[in-house]
Amino acid sequence: MAGKRAHQSHFHRSQIGRAQRYIRLHLTEPLSLPQIAREAGASSYHFARLFQAYLGETPFEFIRRIRLATALRLLQEDPDASVTEVALSIGYETAAAFNKTMRKTLDLTPSAFRSLGKDGQNTLIYALSQQRTLKEVNVNLTPDFETVTRPVTHYVFLEKRGPFAEVAPPLWSEFMPFLQRIDHRQIREYLGVSGIDKSRSGEDAMIYEAGAALADKPADLPAGLRQRSIKSGKYARYLLTGPYTQIWPAFDLIFKTLAETKVELRPEFCIENYLNDPSQTPEAQLKTELLVPIM
């Protein structure tokens with residue numbers, strides 16, 4: 001069994017390596033997740049999660065990091081090149097997009113980078129060029145999954161796009177006041193739902209929803225809330241005990257485990273089912289079902 005898992009781990013690392021090489025070779029072009037996954041020989045729907053599970057960053061973060069490092073190298077090597085010239089040559093749509101990425105990532109402008117001097121420039125370029133170090137996070141997660149079938153779920157929610165761990169906490173803060181306007185007798189579960197929209201590019205493809213499962217389809221919705229049905233289907237169910245900050249490292253571990261044991265996944269969103277009231281339960285005792293759609 002251990003030998004088979006090691007073989008599968010090597011297989012998926014090879015896929016991710018092919019994806020990284022493809023990105024580097026096509027950095028100046030628009031890159032979509034389906035395109036990258038296809039070149040890696042993988043299914044695109046859950047590829048972003050698998051990429052993150054093995055590398056500690058999403059494909060979108062990898063593209064942003066390598067593109068920025070390459071642009072900085074061009075700024076350094078050709079001090080006469082304009083910022084617009086450099087930005088467009090490396091795949092940014094506009095100079096403003098390049099400036100925004102620099103400010104967000106490094107808190108610097110291109111002109112400030114050029115004034116750093118060779119040593120300071122090299123330090124930044126080197127740091128951006130290095131593979132991210134996977135952080136070891138100990139999570140209290142059931143080692144094996146239970147296969148469960150969830151029924152059709154009437155779901156009311158708010159939605160944001162972006163890295164799941166980044167957008168989830170503020171979205172839940174936005175959602176909680178809506179609970180005062182929902183009949184509590186109808187609420188069955190509190191669910192976070194996350195997945196990929198293959199029609200969108202970059203981090204805009206990452207969808208996170210915070211909401212509640214209701215007993216019946218709502219006749220009326222509070223203004224601002226959305227409603228949809230989550231289809232019935234099978235899931236690999238894991239149980240996480242501990243703070244909500246461990247949900248995303250736990251999902252990384254789950255995706256690696258499922259990949260290495262060759263569990264076939266369905267192209268549906270993953271679900272977090274929050275089982276406790278965090279205002280009444282100590283953080284270390286919080287329990288969250290983590291559900292990954294499987295065939």
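Visitor: Among contacts between residues at least 6 apart in sequence, what percentage join residues at least 24 apart?
Guide: That comes to 74%. Keep in mind that this is a predicted model.

Visitor: Okay. How many helices and strands are there?
Guide: The protein has ten helices and nine strands. Its radius of gyration is 21 Å, close to the 19 Å that the globule rule gives for 295 residues, so the protein is as compact as a globular protein of that length.

Visitor: And what does the C-alpha trace span along its principal axes?
Guide: About 65 × 50 × 35 Å.

Visitor: How much of it is buried?
Guide: Of the 295 residues, 47% count as buried. The accessible surface comes to about 15,000 Å², and 52% of that belongs to carbon and sulfur atoms.

Visitor: What about charges, how many positive and negative side chains?
Guide: There are 37 positive and 33 negative ones, and the centres of the two sets lie 4 Å apart.

Visitor: How many salt bridges does a search of the whole structure find?
Guide: It finds 13. One of them pairs Arg64 with Glu203, at 2.9 Å from N to O.

Visitor: Where do those two sit in the chain?
Guide: Arg64 is in helix H4 (residues 59-77), while Glu203 is in the loop between strand E4 (187-196) and strand E5 (206-214).

Visitor: Is Glu203 buried or exposed, then?
Guide: Buried: its relative accessibility is 17%, and the cut-off for buried is under 20%. Arg64 counts as partly exposed because its relative accessibility is 28%.

Visitor: Which residues does Thr101 touch, leaving aside neighbours within four places in sequence?
Guide: Arg64 turns up again there, along with Leu68, Tyr92 and Leu106. Thr101 is found in helix H6 (residues 95-106), and it is buried, with a relative accessible area of 14%.

Visitor: Switching topic: which residue does Glu174 meet in a salt bridge?
Guide: Lys160, at 3.3 Å from N to O. Glu174 belongs to helix H9 (residues 164-175) and Lys160 to strand E3 (residues 153-161), 14 residues apart. Glu174 is partly exposed at 38% relative accessible area, and Lys160 is partly exposed at 29%.

Visitor: Which residues do salt bridges with shared partners join into one network?
Guide: Glu159, Arg161, Asp197 and Arg226. Within that group, Glu159 forms a salt bridge with Arg161, and their closest N and O atoms are 3.8 Å apart.

Visitor: How accessible is Glu159?
Guide: Glu159 has a relative accessible area of 24%, which makes it partly exposed. Arg161 is also partly exposed, at 25%.

Visitor: Last one, helix H2. Which of its residues are buried?
Guide: H2 covers residues 33-40, and Leu33, Gln35, Ile36, Ala37 and Ala40 are buried. As background, an α-helix has 3.6 residues a turn, so residues three or four places apart point the same way.

Visitor: What comes just after H2?
Guide: Gly41, which takes a positive phi of about 80°.

Definitions and conventions: Residues numbered from 1 in each chain as written. Predicted model: local features only at pLDDT ≥ 70, side-chain atom pairs only at ≥ 80, totals over all residues. Heavy atoms only, no water. Helix = DSSP H or I, 4+ residues; strand = E, 2+ residues; numbered from the N terminus. Rg over C-alpha atoms; globule rule 2.2 N^0.38 Å. Buried < 20%, exposed > 50% of the residue type's maximum accessible area, 1.4 Å probe, protein only. Contact = heavy atoms within 4.5 Å. Areas by Shrake-Rupley, 256 points an atom, 1.4 Å probe, with all protein chains shown as cover. Lys, Arg positive; Asp, Glu negative; His and termini not counted. Charge placed at Lys NZ, Arg CZ, Asp CG, Glu CD. Salt bridge = Lys/Arg side-chain N within 4 Å of Asp/Glu carboxyl O.
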